[in-house]
Amino acid sequence: LLLLPLAALTLYWYNATFHYFCKVGFFNCWIVAMATLLSPFAALRGRSVENMKERVGTMEDDTRSLQPQGWLVLGVTGQGRILSSPIHPPGMVEVIPDRCVPVAKKELMYMGTVGWACWLSGIIFIDRHKREDAIDVISQTARTMRRENLRVLIFPEGTRNQNKSMLPFKRGAFHLAVQAQVPIFPIVISPYWDFFSSKEKRFTSGTCTIQILPKVETQGLSPKDVPELTETVRQAMADALAEMSANHCGDQHTEQPPLP
């Protein structure tokens, strides 16, 4: 029994798979703990986008300790908008503006205290398997954005992407932007597969750059313009990702070895 802590510590430092599961497990446990502790206080306010501030605030410092260091955060300005991004939720806390809520799959709502915390934070849940329900949620969200000056964060690929290229974009985000007549702010994050990969069970430290592309206006556009709008935004994001990937590989290639 006395040797177990030493064995675990040795595995943590010298076994990449064990190291990966320890970090991911701790991160998930921390999210559950924070949701459990903070949800009763958020419940006093009820379901409100203002609860997102507290939720993001508790994640921000802890995410920096668990996720790669060195985020480059660019300013985000403007009124009601959609943030269109391929990054996963932990990176969201670095760029999310005030009065901004993400769109998430409906299954998240049933994940115990985490789902309760998400609901209290005003997160918009969408059923990806029921097209009619999804369309209705988009229409309701568009009206809410105009009425309450709400910002919405959407991941346009629709699911987590383990590949090094972008998946085709779902059109729901762009239908929402056109219905609400708000600009789109595309966000792209530089590659991070050299220090984080669920496939290869890698979770070490590293640096990323978050790039916010010029806003894309939707004023005057109609539903028939959505396919072209989708492809235009995706191409701009794909071009930015390709450039960042090339710079990322170049930085790795030219990196000097550490001194003895």
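Student: How many helices and strands does the protein chain have?
Tutor: The protein chain has eight helices and eight strands, taken as DSSP runs (helices H or I, at least four residues; strands E, at least two) and numbered from the N terminus. This is a predicted model, where local features need pLDDT of at least 70, side-chain atom pairs count only at pLDDT 80 or more, and totals for chains, interfaces and linings use all residues. Residues are numbered from 1 along each chain as its sequence is written, and side-chain values use heavy atoms, with hydrogens and water left out.

Student: What share of the residues counts as buried?
Tutor: Of the 260 residues, 42% are buried; buried means under 20% relative accessible area with a 1.4 Å probe, protein chains only.

Student: And in helix α5, which ones are buried?
Tutor: In α5, residues 112-120, they are V114, G115, A117, C118 and L120. Just after α5, G122 has a positive phi of about 85°.

Student: Switching topic: how do the axes of α6 and α7 cross?
Tutor: The axes of α6 (residues 131-148) and α7 (residues 172-180) come within 9 Å and cross at roughly 45°. Axes here are lines fitted to C-alpha atoms over the stretch in contact, with angles from 0 to 180 degrees between N-to-C directions.

Definitions and conventions:
Buried means under 20% relative accessible area, exposed over 50%, partly exposed in between (1.4 Å probe, protein chains only).
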